[in-house]
Amino acid sequence: MANFSTYKKLELPLSTEKYNVQVFNKNNQAIDSELHKLDLKNQSQDELLATREALSAESARIDTLIAGLTTRLNTLADSDDTTLDQLSEIVAYIKNNKSLIDGITTSKVNVYDIIDNLTTASAGKPLSARQGNLLKNMLTDLTAIVGDKVDKISGKGLSANDYTDAEKNKLAGIAGGAEVNVQADWSATDTASDAFIKNKPAIPTRVSQLANDSGNITSDSIKKIVTVSALPADAASHPDTLYIVL
């Protein structure tokens with residue numbers, strides 16, 4: 001039986017075992033998965049570092065702006081010639097740099113407080129742009145899924161018995177009011193039954209119930225019965241004689 005590595009449980013075949021491509025592929029898949037995790041971790045760290053550097057540069061620019069503004073205010077405060085023009089200049093400067101000044105008055109974000117995962121329970125901390133983009137993609141996919149869903153109808157459910165086009169066309173070809181073929185039953189007496197036969201003719205049960213057609217032979221027209229071995233040539237001239245050929 002093969003051994004396994006300590007950390008990632010890679011299968012370690014014994015020296016007596018033959019090469020097994022399935023074992024080789026399984027180990028490679030495990031290694032590839034771990035390398036991918038390292039790539040994602042390095043990418044996340046690079047993005048956080050870039051964000052930190054950008055924030056540091058912006059912080060330095062704001063600090064420079066504050067220092068310049070402070071210097072100008074101090075110079076104005078130390079001056080004995082505080083004129084209306086100087087005050088107007090300060091007001092104009094504040095208006096022109098309002099967005100920067102507003103940024104100074106808001107709380108700064110520490111780069112170490114930026115969360116780069118969706119599992120942290122801490123509330124009130126900013127989420128990284130990468131995680132925000134992941135959330136946006138998830139919402140887009142979820143919206144598409146919800147848009148294609150089928151609303152549940154009370155008393156009904158979905159099944160694997162799909163209604164095909166062939167079945168639909170077969171049903172459309174059946175005439176309106178058509179019924180399933182039923183074996184007729186001569187003895188059926190229930191008029192509501194599908195097996196009941198309507199307008200049945202009356203069938204005689206005795207010979208006396210039969211009537212002769214015109215020209216048929218009857219007992220009144222036969223005067224003599226003769227047995228012969230062959231029908232005589234003049235048999236037609238004796239209509240009152242019944243010939244029985246033996």
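Predicted model: local features only at pLDDT ≥ 70, side-chain atom pairs only at ≥ 80, totals over all residues.
The lowest mean pLDDT among the elements of the chain, 62, belongs to helix α3, which covers residues 98-105. At the other end of the scale stands helix α5, spanning residues 165-172, where the mean pLDDT is the highest at 86. For the chain taken together, the mean pLDDT is 75, and a value of 70 or more is reached by 76% of the residues. These figures are handy to keep in mind while looking at the structure.

Turning to the overall layout, 5 helices and 4 strands make up the elements of the chain.

The surface and the contacts come next. The chain has 246 residues, and 10% of them count as buried. Among contacts in the chain with a separation of 6 or more, 20% are between residues 24 or more positions apart.

Thr-241 lies in strand β4, which runs over residues 241-245. Its relative accessible area is 12%; because buried means under 20%, Thr-241 counts as buried. Once neighbours within four places in sequence are set aside, Thr-241 is in contact with Lys-224 and Val-226.

Conventions
Residues numbered from 1 in each chain as written. Heavy atoms only, no water. Helix = DSSP H or I, 4+ residues; strand = E, 2+ residues; numbered from the N terminus. Buried < 20%, exposed > 50% of the residue type's maximum accessible area, 1.4 Å probe, protein only. Contact = heavy atoms within 4.5 Å. pLDDT = per-residue confidence, 0-100.
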